[in-house]
Amino acid sequence: MPSYDVLREILDPAATVLLTVECQQGVVGPDAALPELSRAARESGALAQVARLVAAARKSGVQVIHAVAERRPDGRGAGRNARLFRAAERLPVRQLAGTAAVRVAPPIEVAEEDLVVRRLHGLSPVQGTEVDALLRNLGCRTLIVSGVSANVAIPNAVFDAVNLGYTAVVPTDAIAGVPADYTAAMIRHTLALVATLATTDEVLNCLERPRGS
């Protein structure tokens with residue numbers, strides 16, 4: 001973990017954006033398509049930590065972007081070139097555009113000033129979406145990545161952010177995947193090599209403390 005001074009320098013609110021990844025009802029809600037992932041996000045406390053980050057980000061002037069994955073009812077634009085995509089077509093809960101499944105899940109609250117980016121294709125909430133252009137227009141240098149899953153979308157987001165020149169910060173208790181020990185291994189052996197790791201409390205301490213103090 002970085003020192004407080006180093007982390008605080010990285011997390012300049014004027015140049016930091018918080019990204020929540022697939023924290024939608026059809027993924028992490030009580031009636032989610034993947035109950036095991038939903039349980040992991042809730043029982044680990046990760047979803048609650050994302051909610052804390054979102055609330056604190058707004059108070060600190062940090063822009064919040066919610067990345068949501070969805071499908072059209074006719075499937076147009078969706079890929080079928082991976083087992084994950086084909087399996088999603090058979091799940092009892094589908095992430096259909098305009099339905100409750102693609103609304104951001106409680107306890108996370110979406111404010112008017114938040115940006116919501118919806119994608120119909122791919123595995124990444126960053127590459128091939130509006131996110132990169134929005135980050136550049138916002139003057140972002142540091143991207144805080146939170147949400148699910150540590151198996152696929154979170155590492156995708158971190159790799160893409162780093163490849164695009166952003167500093168990625170991962171609050172390790174604000175991401176979840178399955179099984180739990182895989183999430184820990186992903187953090188230790190992969191994300192630690194490319195992202196700045198911290199706890200939610202450490203991130204909040206940097207964001208909430210007045211600059212110059």
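A salt bridge here is a side-chain nitrogen of Lys or Arg within 4 Å of a carboxyl oxygen of Asp or Glu. By this rule the structure holds eight salt bridges. The model is predicted: local features need pLDDT of at least 70, side-chain atom pairs count only at pLDDT 80 or more, and totals for chains, interfaces and linings use all residues. Residues are numbered from 1 along each chain as its sequence is written, and side-chain values use heavy atoms, with hydrogens and water left out.

**View A. A salt bridge links Arg58 and Asp114**. The N to O distance is 2.6 Å. The two partners come from distant parts of the chain, 56 residues apart. Arg58 sits in helix H4 (residues 46–60). Asp114 sits in the loop between helix H5 (83–88) and strand S3 (115–119). Helices (H or I, at least four residues) and strands (E, at least two) are DSSP runs, numbered from the N terminus. Asp114 has a relative accessible area of 8%, so it is buried. Arg58 counts as partly exposed because its relative accessibility is 23%.

**View B. Arg72, Asp74 and Arg76 form a network of salt bridges**. Asp74 pairs with Arg72, with the closest N and O atoms 2.6 Å apart. Asp74 also meets Arg76, at 3.3 Å from N to O. Arg76 is exposed, because its relative accessible area is 59%. Asp74 is partly exposed at 44%. Arg72 is partly exposed at 35% relative accessibility.

**View C. The largest pocket has a volume of about 750 Å³**. Rolling a probe the size of a water molecule over the atoms shows where empty space is left. A pocket is defined on a 1 Å grid over the protein atoms alone, as an open set of points with protein on both sides within 12 Å along at least five of seven lines; a cavity is a set where a 1.4 Å probe fits but cannot get out, and lining residues have an atom within 4 Å of a point. Grid points are joined across faces, edges and corners, and the volume is the space filled by probe spheres set on the points. The lining counts 32 residues, and the closest to the centre are Glu22, Leu34, Ala69, Leu84 and Ala88. Helix H2 (25–28), helix H3 (35–43) and H5 each give two or more residues to the lining. H5 gives the most, with four. By residue class, the lining divides into 18 nonpolar, eight polar and six charged. Here Ala, Val, Leu, Ile, Met, Phe, Trp, Tyr, Cys and Pro count as nonpolar, Asp, Glu, Lys and Arg as charged, and the others, Gly among them, as polar.

**View D. Glu22 has a positive phi of about 50 degrees**. Glu22 is not a glycine. This residue lies in the loop between strand S1 (16–21) and H2. Its relative accessible area is 13%, so Glu22 is buried. Glu22 is also among the lining residues closest to the centre of the largest pocket.

View E. Pro107 belongs to the loop between H5 and S3. Pro179 is placed in the loop between strand S6 (175–176) and H8.

**View F. Phe159, Val162, Leu193 and Val194 make a nonpolar surface patch**. Together they have about 330 Å² of accessible area. Patches are made of residues with over 30% relative accessible area and no salt bridge; nonpolar side chains (Val, Leu, Ile, Met, Phe, Trp, Tyr) are joined within 5 Å, like charges within 9 Å. Areas come from the Shrake-Rupley method with a 1.4 Å probe, and for residues only the protein chains shown count as cover. Helix H7 (153–163) and helix H8 (180–194) each supply at least two residues of the patch. Phe159 lies in H7. Phe159 is partly exposed, because its relative accessibility is 34%.

**View G. Thr190 and Pro155 lie 8.2 Å apart, C-alpha to C-alpha**. In sequence the pair is 35 residues apart. Thr190 belongs to helix H8. Thr190 is partly exposed, with a relative accessible area of 25%.

Definitions and conventions: Buried < 20%, exposed > 50% of the residue type's maximum accessible area, 1.4 Å probe, protein only.
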